[in-house]
Amino acid sequence: MSLKIAFVASDNPSAQTARAVLVGRYGQSEEQTADIIVALGGDGFMLTTLHRTQHLDVPVYGMNRGTVGFLMNEYSESDLMERLKEAEEEVINPLSMRATCADGTVHQALALNEVSVLRSGSQAAKLKITVDGRLRMEELVCDGALLATPAGSTAYNYSAHGPILPIGSDVLALTAIAPFRPRRWRGALLPKTANVQFDVLEAEKRPVMAEADSHLVENAVCVEIRSEPGIKHRILFDPGHGLEERLIREQFV
């Protein structure tokens, strides 16, 4: 049985060229009727594609035509149909961000990797952290902080010295970015069900922005984050090269 494939590509010339070649070889289906969506680009484009198509309940198979490609498979033209039939599926849930701004406006967004709160001025941010309605830290002075999913734990979180989380673990990583006080606070591991709230202290003097997978909100004063188990993103990987293997491999380089 032949698979119906919808090919999508980033603006990168190599991705556009690859799409033209693959469409010519395997044909093109509409996303709404496709069995699989094949995304050609880098991790950023993969995240964009997953967000854009989340209502379709169609698995996405990425092939790397970008830079890092952590969420992507290797690019190949000749054996695609066989690879798609043998691919293994990973299901990940996004984080939901609700950011309230100084002017009272509220912005909502989803994040597959992480939600971060970052200083946007010359002075360090001051944050109050509440977990499940219980105050956990009265004041964190830092460049920022983030809450990462297992899938996103090797991205910004890892660069900020946060832990790499196994893909099947029901935990989230709360990681400080360049903490000044408490100086040696390395963050926390929280259950996936946790509701985390960052309140910005001295917001006028120390402005903060919130970001969820490149969705940016300026002048945030309160950022609420929780996992969304009702939303499932289906990602396909070649056998032996899934997220679990990649997360383990990252810890030995």
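How many residues of strand S10 (residues 144-148) are buried? The count is 5 of 5, and the strand is mostly covered. Buried means under 20% relative accessible area, exposed over 50%, and partly exposed in between, with a 1.4 Å probe and protein chains only. Strands (E, at least two residues) and helices (H or I, at least four) are DSSP runs, numbered from the N terminus.

This is a predicted model: local features need pLDDT of at least 70, side-chain atom pairs count only at pLDDT 80 or more, and totals for chains, interfaces and linings use all residues. Residues are numbered from 1 along each chain as its sequence is written, and side-chain values use heavy atoms, with hydrogens and water left out.

Gly-144, Leu-146 and Ala-148 point one way from S10. Ala-145 and Leu-147 point the other way. All are buried. Two strands pair if DSSP finds at least two bridges between them.

| Strand pair | Sense | Bridges |
|---|---|---|
| S7 (residues 114-119) and S10 | antiparallel | 5 |
| S10 and S11 (residues 171-177) | antiparallel | 5 |
| S8 (residues 125-131) and S9 | antiparallel | 6 |

Ala-148 of S10 is the bridge partner of Glu-114. In S11, Ala-148 has Ala-173 as its bridge partner.

**The open sheet**

An open sheet of 6 strands runs in the order S6-S5-S16-S13-S8-S9, with antiparallel pairing. Its edge strands are S6 (106-111) and S9 (134-142), each pairing on one side only. The twist averages 20° from one strand to the next. Axes here are lines fitted to C-alpha atoms, for helices over the stretch in contact, and angles run from 0 to 180 degrees between N-to-C directions. Leu-127 stands opposite Leu-140 in S9.

Helix H5 (residues 243-250) has Leu-243, Arg-246 and Leu-247 as its buried residues. Seen down the axis of H5, they fall within an arc of 100°, so they line one face of the helix. That arc is taken from the directions between the helix axis and the C-beta atoms. Their cover includes strand S4 (88-92) and strand S17 (233-237).

His-233 is found in S17. It counts as buried because its relative accessibility is 2%. Contact means heavy atoms within 4.5 Å. Beyond residues up to four places away in sequence, His-233 touches Leu-50, His-51, Gln-54, Glu-90, Val-91, Ile-92, Pro-94 and Leu-112. A polar atom of the His-233 side chain lies 3.4 Å from the backbone oxygen of Leu-50.

Key: Polar contact = N/O pair within 3.5 Å; in protein donor to acceptor, adjacent residues only side chain to side chain.
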